[in-house]
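The following paragraphs lead the reader through one protein chain, from its overall make-up to individual residues. Please keep the sequence and the model in view while reading.

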Amino acid sequence: MKIMVAVKRVVDYAVKIRIKPDKSGVETQNVKVSMNPFCEIALEEALKIKESGLAKEVVAVTMGPSNCVDTLRTGLAMGADRGIHVEAARDLVPLSVAKVLKKLVEVENPGLLILGKQAIDDDCNQTGQMIAALLGWPQGTFASKVVLDKEKQVATVDREVDGGLETLCLDLPAVITTDLRLNQPRYATLPNIMKAKSKPIKKYTPEELNVEIKSDLEVVQVTEPPKRKAGVILSSVDELIDKLKNEAHVI
């Protein structure tokens with residue numbers, strides 16, 4: 001079985017985000033970037049499945065400008081066998097990403113498609129659900145545990161929901177999106193980083209895949225959240241009740 005994993009290049013989670021002066025988005029120049037943390041978890045799960053003998057190949061896929069290859073090399077250094085880069089000059093909205101993935105699935109014919117549940121830059125949490133709908137495949141989102149049965153060709157997925165855990169049994173091929181508690185991603189070792197330089201990366205353009213890239217969304221303005229006011233130390237319960245009642249108006 002072949003597993004395809006989608007990975008995304010995002011501003012590193014530890015970076016303090018700065019808004020552009022024209023409020024058109026966040027500043028990305030001279031900012032540290034890395035693989036989206038949820039994508040790291042998705043890739044780690046695919047590698048664990050391969051190491052258990054249930055898959056023969058892990059293919060990492062990314063989309064975006066030429067510098068996204070660096071993120072793809074990170075995935076290859078973690079253990080992916082080869083990469084696919086769909087080069088696009090503009091930012092892709094989730095539906096466009098799903099359409100491109102659908103075409104790649106038709107080319108590669110994987111038995112399992114794994115994605116992070118969302119990217120930390122736009123927090124859309126849409127691509128996994130959209131690609132499952134386009135392919136007509138069953139989906140297990142927000143996965144916290146994945147168990148494959150190769151003989152029965154099913155995947156059992158524990159997914160996190162508001163009320164606790166829900167267990168689904170999916171016929172393969174299927175789409176799975178990963179949550180934080182699924183696993184702990186490995187670090188790429190220096191020998192594997194060197195080996196990744198020689199691993200193949202196939203390039204496509206959306207036009208070669210017959211996908212029209214367009215955006216149905218327009219970003220009107222990006223602003224910082226209001227700054228939190230300093231806390232106040234109160235001397236008594238009566239004073240607390242007074243402020244909750246007359247200032248906060250919550251009681």
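Helices here are DSSP runs of H or I with at least four residues, strands are runs of E with at least two, and both are numbered from the N terminus. Under this naming, isoleucine 241 belongs to helix α6, which covers residues 237-246. The model is a predicted one. Isoleucine 241 counts as partly exposed because its relative accessibility is 40%. Its C-alpha atom is separated by 8.2 Å from that of isoleucine 251, which is 10 residues away along the chain.

The chain as a whole contains six helices and 11 strands. Taken along the principal axes, its C-alpha atoms fill a box of roughly 65 × 45 × 40 Å. Of the 251 residues, 42% count as buried. An unreviewed UniProt entry places the feature "domain: Electron transfer flavoprotein alpha/beta-subunit N-terminal" at residues 23-213. That span is 29% helix and 30% strand, and its end C-alpha atoms lie 24 Å apart.

Strand β6 pairs in parallel with strand β1 (residues 2-6) through three bridges. In this pairing isoleucine 3 stands opposite leucine 112. Strand β6 also runs parallel to strand β10 (residues 174-178), to which five bridges join it. Here the bridge partner of leucine 112 is alanine 174 in β10.

An antiparallel arrangement is found in strands β8 (residues 154-161) and β9 (residues 164-171), which are joined by eight bridges. The hairpin that connects β8 to β9 passes through two residues. Across this pair, arginine 159 stands opposite glutamate 166 in β9.

Some backbone details deserve attention. The loop between β9 and β10 holds proline 173. The peptide bond that leads from leucine 172 to proline 173 is cis, with omega near 5°. Two residues other than glycine have a positive phi: lysine 23, at about 60°, and phenylalanine 142, near 55°. Lysine 23 is placed in the loop between β2 (9-11) and β3. Its relative accessible area is 39%, so lysine 23 is partly exposed. Phenylalanine 142, by contrast, is found in a strand, β7 (residues 139-149).

Cysteine 39 is in no disulfide, and the nearest cysteine sulfur, in cysteine 68, is 11 Å away. With a relative accessibility of 6%, cysteine 39 counts as buried. Cysteine 124 counts as partly exposed, because its relative accessibility is 26%.

The spaces in the model complete the description. The second largest pocket has a volume of about 510 Å³. It is lined by 18 residues, and those closest to its centre are Tyr13, Glu40, Pro185, Arg186 and Tyr187. Two or more lining residues come from each of β3 (33-35), α1 (37-51) and α2 (69-78). By class, this lining has 10 nonpolar, four polar and four charged residues.

The largest cavity holds about 40 Å³ of space. Its lining consists of Met1, Leu54, Leu148, Asp149, Lys150, Gln153 and Leu172. These divide into four nonpolar, one polar and two charged residues.

Definitions and conventions: Residues are numbered from 1 along each chain as its sequence is written. This is a predicted model: local features need pLDDT of at least 70, side-chain atom pairs count only at pLDDT 80 or more; totals for chains, interfaces and linings use all residues. Side-chain values use heavy atoms; hydrogens and water are left out. On a 1 Å grid over the protein atoms alone, a cavity is a set of points where a 1.4 Å probe fits but cannot get out, and a pocket is an open set with protein on both sides within 12 Å along at least five of seven lines; lining residues have an atom within 4 Å of a point. Grid points are joined across faces, edges and corners, and a volume is the space filled by probe spheres set on the points. Ala, Val, Leu, Ile, Met, Phe, Trp, Tyr, Cys and Pro count as nonpolar, Asp, Glu, Lys and Arg as charged, and the others, Gly among them, as polar. UniProt positions are given in the numbering used here, feature names are shortened, and annotations may be inferred rather than shown by experiment. Two strands pair if DSSP finds at least two bridges between them. A disulfide is a pair of cysteine sulfur atoms within 2.5 Å. Buried means under 20% relative accessible area, exposed over 50%, partly exposed in between (1.4 Å probe, protein chains only).
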